[in-house]
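Work through the exercises below with the coordinates open, and compare each step with the solution that follows it.

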Amino acid sequence: MSQLFYLKECSSTNDEISKFLLYENSDFTALYTFNQTNGRGQYGNTWSSTAEKNLAYTLATKAENIKLSDFMFNYYTANIIRDFLANLTENNIKIKWPNDIILRNKKIVGILIEKKKINQDNYFIIGTGFNVLQEKFDEISNAGSLLTLTNKHFDLNAFTISLHDFLVEKLNKIPSETEILNYFNVNLFRKDKISVFELNGQRQNGIIKNADKNGEIWIDLENDGLKSFYHKEIKLLY
């Protein structure tokens with residue numbers, strides 16, 4: 001059973017979702033808005049969004065129902081959001097480690113997964129921000145939208161319902177961790193390509209080799225050789 005709630009405006013769907021978990025006993029409870037005023041990204045970053053142009057969507061599910069490690073759940077969430085958009089747009093969608101969704105070298109989705117204890121239950125809180133109809137971005141931004149990159153105009157309400165149904169379906173049929181990790185690596189952005197990285201304030205070339213089950217990424221750097229990194233320890237410039 002799943003529930004999908006709508007707010008005309010809210011500060012952060014990840015913060016507001018807890019209020020809806022107080023009243024519903026569903027396997028999946030989701031909240032969305034087209035006007036999020038104070039969205040949060042990974043590690044305290046902000047996620048800005050133009051009102052009525054984009055989607056902020058958060059899905060909560062009890063952690064006891066997810067038989068995956070936290071890292072693997074992060075990967076699987078990125079996999080299924082990637083698949084939803086690839087199917088919808090008929091485009092080659094990539095995952096920028098650990099879980100940004102990329103189309104034509106532009107970020108179109110940001111994902112923030114948190115684990116929270118609410119009413120004595122532990123939940124995975126999957127927060128997502130989808131750039132759908134926004135047309136203008138900061139000139140130096142790596143962001144784009146489905147409209148600017150595919151020239152397709154999506155109805156926000158229909159988009160949200162389709163997304164919700166797809167995520168619930170896929171979270172009810174979770175594959176093995178090996179399958180999840182292999183698929184994540186198949187769709188990993190800039191994998192096996194020479195890229196520029198920033199490490200300790202210095203830039204150097206390197207090649208992304210793979211992401212592993214511990215949540216680390218392995219990069220073969222021209223100066224330092226093959227090394228693994230956690231998120232925020234190294235930055236991919238693209």
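The exercises go from the whole fold to a single residue.

This is a predicted model, in which local features need pLDDT of at least 70 and side-chain atom pairs count only at pLDDT 80 or more, while totals for chains, interfaces and linings use all residues. Residues are numbered from 1 along each chain as its sequence is written, and side-chain values use heavy atoms, with hydrogens and water left out.

**Exercise 1.** Determine how the radius of gyration of the protein relates to the globule rule.

Solution. Take the radius over C-alpha atoms, and the rule as 2.2 Å times the number of residues to the power 0.38. For 238 residues a compact globule would come out near 18 Å, and the protein has 18 Å, so the two agree. The C-alpha trace spans about 55 × 40 × 30 Å along its principal axes.

**Exercise 2.** Locate Ile 111 and decide whether Ile 111 is buried or exposed.

Solution. Strands are DSSP runs of E, at least two residues, numbered from the N terminus, and Ile 111 falls in strand E8, residues 106–118. Its relative accessible area is 3%, so Ile 111 is buried. Finally, its C-alpha atom lies 22 Å from that of Lys 209, which is 98 residues away along the chain.

Note on methods: Helices (H or I, at least four residues) and strands (E, at least two) are DSSP runs, numbered from the N terminus. Buried means under 20% relative accessible area, exposed over 50%, partly exposed in between (1.4 Å probe, protein chains only).
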